[in-house]
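Thanks for coming, everyone. Please have a look at the chain on the screen, and then I'll walk you through it.

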Amino acid sequence: MFLVGLTGGIATGKSTVSKILSEECGCLILDADLIAREVVLPGTKAWKTIRTQFGDEVFHENGELNREKLGQIIFADASKRRLLNSITHPEIYKSILWKILKAFVRGRQFVILDLPLLFETGKLLPYASYIVVVSCSEEQQKERLMKRNTLSKEDADQRIGSQMSLAEKRRQATYIIDNDADIEYTRQQGYTTL
């Protein structure tokens, strides 16, 4: 069994590529963003620690995490972002490792790890046989992020700036999927990469 790291910057189209690989190619995708949502569900260890460290103001009345409010805090303050990562990342990686083990036991030949912060954290980098980076132009990235999350230019710049540059990610990639054009162009690159 081997692991493929799939990464890219925020709003570069990594989720689109992940969906193509899963739905059209039958690949098993372990999506760190989805797992991150699971580990902060009400009552979990990470949820309790976030409530203790960040207070009730980052939660909705029903007890669910207010991701928008928390995002405003962590993207404005690097120390708060590091604190949140120190709470959630161990839980996320523990869940990913269990899912990898289950895939191995079930006889999967490979697993795609959809990890937005693959390079930034470096935790699973040594285990990835290949690294695929989904990339697009910086202008398109900012435009997509502003539209998708209804952010101002300044807020989008702040979020993009909190991650490693796309140029650096491309330098470290085994394969690059250019997501600047239409979906068909991106799809063909995904098939070629496999």
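**Overall fold**

Let me start with contacts, meaning heavy atoms within 4.5 Å. Among contacts in the chain between residues at least 6 apart in sequence, 71% join residues at least 24 apart.

Some ground rules. This is a predicted model, where local features need pLDDT of at least 70 and side-chain atom pairs count only at pLDDT 80 or more, while totals for chains, interfaces and linings use all residues. Residues are numbered from 1 along each chain as its sequence is written, and side-chain values use heavy atoms, with hydrogens and water left out.

The chain has 10 helices and 5 strands. These are DSSP runs numbered from the N terminus: helices are H or I with at least four residues, strands are E with at least two.

Now the dimensions. The C-alpha trace spans about 45 × 45 × 25 Å along its principal axes. With 194 residues, a compact globule would have a radius of gyration near 16 Å; this chain has 17 Å, which agrees. That radius is taken over C-alpha atoms, and the globule rule is 2.2 Å times the number of residues to the power 0.38.

How much of the chain is buried? Buried residues make up 43% of the 194. Buried means under 20% relative accessible area, exposed means over 50%, and partly exposed is in between, using a 1.4 Å probe and protein chains only.

**The sheet**

Next, the strands. 5 of them form an open sheet in the order β2-β3-β1-β4-β5, and the pairing is parallel. Strands pair if DSSP finds at least two bridges between them. β2 (29-31) and β5 (175-178) stand at the edges with a single partner strand each, so one side of each has no neighbour in the sheet. On average, neighbouring strands are turned by 25° against each other, direction ignored.

Look at β3, residues 110-114. 5 bridges join β1 (residues 2-8) to β3. Leu 3 has Val 111 as its bridge partner in β3, and Gly 5 stands opposite Leu 113. On the β2 side, 3 bridges join β2 to β3, again parallel. There, Leu 30 has Leu 113 as its bridge partner. β3 is mostly covered, with 4 of its 5 residues buried.

**The helices**

Helix α1 (residues 14-23) lies across β1, β2, β3, β4 (128-135) and β5, running at about 145° to β1. Axes are lines fitted to C-alpha atoms, for helices over the stretch in contact, and angles run from 0 to 180 degrees between N-to-C directions.

How do α4 and α5 pack? α4 (residues 67-76) and α5 (residues 78-105) meet at about 120°, with their axes 5 Å apart. They are therefore oblique to each other. The cut-offs: under 35 degrees is roughly parallel, over 145 roughly antiparallel, 65 to 115 roughly perpendicular, and the rest oblique. From α4, the contact uses Leu 70, Ile 73, Ile 74, Phe 75 and Ala 76; from α5, Ala 78, Lys 80, Arg 81 and Leu 84.

**The first residue**

Last stop, Met 1, in the segment before β1. Met 1 is partly exposed, with a relative accessible area of 39%. Not counting residues up to four places away in sequence, Met 1 touches several residues, including Ile 100, Phe 104 and Val 111.
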